[in-house]
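Thank you for coming, everyone; please look at the sequence and the model on the screen while I talk through a few places in the chain.

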Amino acid sequence: MSAILGRILIILLIIIVIYIAISCVRIVPQAHAYVIERLGAYNGTWSVGLHFKVPFLDRVARRVLLKEQVVDFAPQPVITKDNVTMRIDTVVYYQITDPKLYAYGVDNPIMAIENLTATTLRNIIGDLELDATLTSRETINTKMRATLDVATDPWGIKVNRVELKNIIPPTEIQNAMEKQMKAERERREAILRAEGEKKSSVLRAEGHKESMILEAEAEKEAAILKAEAHKEATIREAEGQAEAILKIQQATADGLRAIKEAGADDAVIKLKSLEAFATAADGKATKIIIPSEIQNMAGLLAALKESTVSEDIPTEE
């Protein structure tokens, strides 16, 4: 019986030793750090990888997450420079850079950051009026981040970014802002409508102006074409008349040349000249100047005609 008990005790001791040995092995995952204490005092910080601790002497005091973390704080009441009370909630992005300071720097880091954020926000908003608060989010974020980063440095925390999530003014201020926005939109609408009507009038006037210019240019081109056509017609008519006169003169010259070649005397030539003048006049000339030789010939012809007529009349006995 005693042998059996001894074996059981040995087995229990072996199991305890194996358990203790396994418990002394620690694997730190990625983006984590372990703060190790030995006999209650800080001994070191384990980073990523496999680690061994001394049994019964070392312990993991704190497991620290090294990733960037986000904490959303509840809305905080703040008062502006012009005595307007509003509520603002903030979002803080932070990261633990020193696990030792984070473990021993402050008792509750998140609560400390929340209270520090509230006091910093009140100090910044207290120097701004309502309108500046609503339009200066980026400035407020930058000031808060700088202040919190300096204050949390002894805690092993780095504040990367601070954002104002919501700015909630009082109900009366919201109603007044809505009315102001509505009036502003109506004013912009009226301005846009007036500008549209102005542009429309300008475009109509420019269109009318261009149409009148095009119409005047068309009339000008039509008048030029008409004048050119009339000019060409006049030139053609003058050329036709000149050609007709030239042909008449040529025919007259040919006739005179034929008469001369036929041996006609001066009286016949003068008679033919008179006929040529009559043909040239053709009943259209209002005044014709006849040379004196032809006038004498005409008188001679008239005298011959009268003498011939008198010879034909019988005399009384």
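Predicted model: local features only at pLDDT ≥ 70, side-chain atom pairs only at ≥ 80, totals over all residues.

Let me begin with arginine 63, which counts as exposed at 52% relative accessibility, where buried means under 20% relative accessible area, exposed over 50% and partly exposed in between, computed with a 1.4 Å probe and protein chains only. Residues are numbered from 1 along each chain as its sequence is written, and side-chain values use heavy atoms, with hydrogens and water left out.

Arginine 63 belongs to strand β5, residues 58-65, and here strands (E, at least two residues) and helices (H or I, at least four) are DSSP runs numbered from the N terminus. If we set aside residues up to four places away in sequence, arginine 63 touches Arg26, Ala33 and Tyr34, where contact means heavy atoms within 4.5 Å. The C-alpha atoms of arginine 63 and alanine 103 are separated by 9.0 Å, although these residues are 40 apart along the chain.

Beyond its neighbours within four places in sequence, valine 71 is in contact with Thr90, Val91, Val92, Tyr94 and Ile110, and its C-alpha is 6.7 Å from that of tyrosine 93, which is 22 residues away in sequence.

Let me turn to a pair of helices. Two packed helices are described by the angle between their axes and the distance between the axes. The axes of helix α3 (residues 109-125) and helix α5 (residues 137-152) come within 10 Å and cross at roughly 135°, the axes being lines fitted to C-alpha atoms over the stretch in contact, with angles from 0 to 180 degrees between N-to-C directions. On the α3 side the contact includes Ile113, Leu116 and Thr117, and on the α5 side it includes Ile140, Lys143 and Met144.

Threonine 133 is buried, with a relative accessible area of 0%, and, not counting residues up to four places away in sequence, it touches Thr80, Met86, Ile125, Leu128, Ile140 and Ile167.

Alanine 31, in the loop between β1 (25-28) and β2 (32-38), has a phi near 65°, a positive value in a residue other than glycine. Asparagine 83, in the loop between β7 (76-79) and β8 (85-96), also has a positive phi, near 60°, and asparagine 83 is exposed, with a relative accessible area of 67%.

Finally, for the chain as a whole, there are 8 helices and 9 strands, and buried residues make up 21% of the 317 residues. Among contacts between residues at least 6 apart in sequence, 62% join residues at least 24 apart.
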